[in-house]
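Please consider the following points while viewing the chain. They are set out as a colleague's note and may be read in order.

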Amino acid sequence: MFGLSRHICAIALMAAVLTGAAVAQSASFQPVELNQQGAASAIEAMPAVYQVAQSYDSSVMQGADNDPSGGFAALATYAAARAELNAAIAQYGFSSYEDWVAIIQTVMHTYAFTQSAGAMQQMAPAMDMAMQQMMNNPNIPQAQKDMLMAQIGGGGAMAAMQANAPSANNQAVVAALSP
């Protein structure tokens, strides 16, 4: 029974990773198409954003579940911070802080995806086999099986990973910026 629980936990964890839940905690996160200049400028602007953030509640920059990209978005909820943030990022070519947040969140999401994609591809066959074993197990309630299938989209680990993959353009832009 312990082995089965371990399989279910592993599948649930991978479903969260594969669906991007671990990468993009913010419900408002919507990836944008990146270009080299915009992505580079967003990264260059980070020290200016952090400088403004130091004047505000430090827990804001942690975001939900220590997700800094969610913290960036939350920082804009401070009325006084909005003007300072807009001024700080304007010198990097951004028309608004919200535009900068959309780009930096996309860069972070894309970077996290590209760093974990190889490991996810290696794990996918084992995850698919574990999923099939779970689906064939009569001791697991159908409601639990349905919930897990809904989380990964019903197509297996590789299909879930591909469904949440950043665009090829975004991957290329971020790869070009990586050290």
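**Notes on a predicted model**

1. In this predicted model, the axes of helix 2 (residues 36-53) and helix 9 (residues 168-177) come within 10 Å and cross at roughly 50°. Helix 2 is therefore oblique to helix 9. The handedness of the crossing between helix 2 and helix 9 is right-handed.

2. The residues that bring these two helices together can be named. From helix 2, Q36, A39, A40 and I43 take part, and they meet V173, A176 and L177 of helix 9. Sorted by class, the contact of helix 2 with helix 9 comprises 6 nonpolar residues and 1 polar residue, with no charged residues.

3. The surroundings of A81 may be examined next. Apart from neighbours within four places in sequence, A81 is in contact with V52, Y56 and L75. The C-alpha atoms of A81 and V49 are separated by 9.9 Å, although these residues stand 32 residues apart along the chain.

4. Confidence should be read alongside these points. The protein chain has an average pLDDT of 74, and 67% of the residues score at least 70. Among the elements of the protein chain, helix 9 has the highest mean pLDDT (94), whereas helix 1 (residues 2-18) has the lowest (39). The pLDDT is below 50 over residues 1-26, a stretch with 43 contacts in the model beyond near neighbours in sequence. Where pLDDT is low, the predicted coordinates should not be read in detail.

Conventions. Residues numbered from 1 in each chain as written. Predicted model: local features only at pLDDT ≥ 70, side-chain atom pairs only at ≥ 80, totals over all residues. Heavy atoms only, no water. Axes fitted to C-alpha atoms, helices over the stretch in contact; angles between N-to-C directions. Helix = DSSP H or I, 4+ residues; strand = E, 2+ residues; numbered from the N terminus. Parallel < 35°, antiparallel > 145°, perpendicular 65-115°, else oblique. Left-handed = near helix turned anticlockwise from the far one by under 90°. Contact = heavy atoms within 4.5 Å. Nonpolar A, V, L, I, M, F, W, Y, C, P; charged D, E, K, R; others polar. pLDDT = per-residue confidence, 0-100.
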